[in-house]
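Below is a short briefing on one protein chain.

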Amino acid sequence: MAPGRLAELSRARWDLLGQQVFFGQRDRDPGGERSVRQDAWDGYTAARLRVSEGWIQADARNVAVLTGDVHAHWAGNLVIDYDDPASRPIGAEFAVTSITSGGDGHDIAPATDPLLAANPHLKLHIRHCGYLMLQETAATLTLPDRGQGLTGLI
């Protein structure tokens with residue numbers, strides 16, 4: 001069956017992928033040389049590109065990657081070219097911290113968060129322990145418990 005044909009037959013509103021490590025690019029050294037984690041998809045950029053292009057070729061609708069314990073809450077757009085701030089979103093990622101790891105972090109106002117500034121595709125960075133609960137409708141995935149309506153992600 002042709003990849004696009006499968007999407008035509010599906011009645012699903014969302015294509016969700018649950019997995020363990022950060023999928024989108026995350027530069028951890030704002031202002032300096034790019035610093036990414038090699039134990040996440042940043043260490044496998046060619047594989048990440050193949051997966052992302054596969055979503056496009058399959059006409060996947062509303063792709064959302066749900067990522068496990070990355071020690072902070074993150075939400076952002078998934079794009080093909082992370083070096084191009086104008087790159088069109090192909091999906092969204094919602095990553096969560098842990099519930100029981102020692103100590104709460106501290107939040108930085110989004111306007112002054114250097115990690116958000118260095119990663120324009122990322123839209124949310126919360127450093128407190130806990131969980132995220134997504135509310136799914138036919139049109140949006142939102143984070144109602146944080147008051148963060150991230151409807152612009154996809």
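This is a predicted model: local features need pLDDT of at least 70, side-chain atom pairs count only at pLDDT 80 or more; totals for chains, interfaces and linings use all residues.

Thr-67 belongs to strand β2, which spans residues 63–69.

**Thr-67**
- Thr-67 counts as buried because its relative accessible area is 4%, under the 20% limit.
- Its side chain makes a polar contact with the side chain of Gln-19 at 2.8 Å.
- Beyond four places in sequence, Thr-67 touches Gln-19, Gln-20, Val-21, Phe-22 and Phe-23, and also Glu-93, Phe-94, Ala-95 and Val-96.
- Leu-17 lies 50 residues from Thr-67 in sequence, and the C-alpha atoms of the two are 8.3 Å apart.

**His-121**
- His-121 sits in the loop between α3 (114–118) and β5 (122–126).
- With a relative accessible area of 8%, His-121 is buried.
- A polar atom of the His-121 side chain lies 2.7 Å from the backbone oxygen of Gln-25.
- Gln-25 is also among the contacts of His-121 beyond four places in sequence, together with Gly-76, Asn-77 and Tyr-82.

**Salt bridges**
- Side chains of opposite charge can pair when their charged atoms come close.
- The protein has 3 salt bridges by the rule applied.
- Arg-37 pairs with Asp-39, with the closest N and O atoms 3.1 Å apart. Arg-37 is partly exposed at 43% relative accessible area, and Asp-39 is partly exposed at 49%.
- Arg-48 pairs with Asp-42, with the closest N and O atoms 2.8 Å apart. Here Arg-48 is buried at 4%, and Asp-42 is buried at 9%.
- Asp-113 and Arg-127 form a salt bridge with an N to O distance of 4.0 Å. This pair links distant parts of the chain, 14 residues apart: Asp-113 is in the loop between β4 (89–96) and α3, and Arg-127 is in the loop between β5 and β6 (135–136). Both Asp-113 and Arg-127 are buried.

**Whole chain**
- The protein contains 3 helices and 7 strands, which follow the order α-β-α-β-β-β-α-β-β-β along the sequence.
- Of its 154 residues, 37% count as buried.
- Among contacts with a separation of 6 or more, 63% join residues 24 or more positions apart.

How values were computed. Residues are numbered from 1 along each chain as its sequence is written. Side-chain values use heavy atoms; hydrogens and water are left out. Helices (H or I, at least four residues) and strands (E, at least two) are DSSP runs, numbered from the N terminus. Buried means under 20% relative accessible area, exposed over 50%, partly exposed in between (1.4 Å probe, protein chains only). Contact means heavy atoms within 4.5 Å. A polar contact is a pair of N or O atoms within 3.5 Å; within protein, one must be able to donate a hydrogen and the other to accept it, and residues adjacent in sequence count only if both atoms are side-chain atoms. A salt bridge is a side-chain nitrogen of Lys or Arg within 4 Å of a carboxyl oxygen of Asp or Glu.
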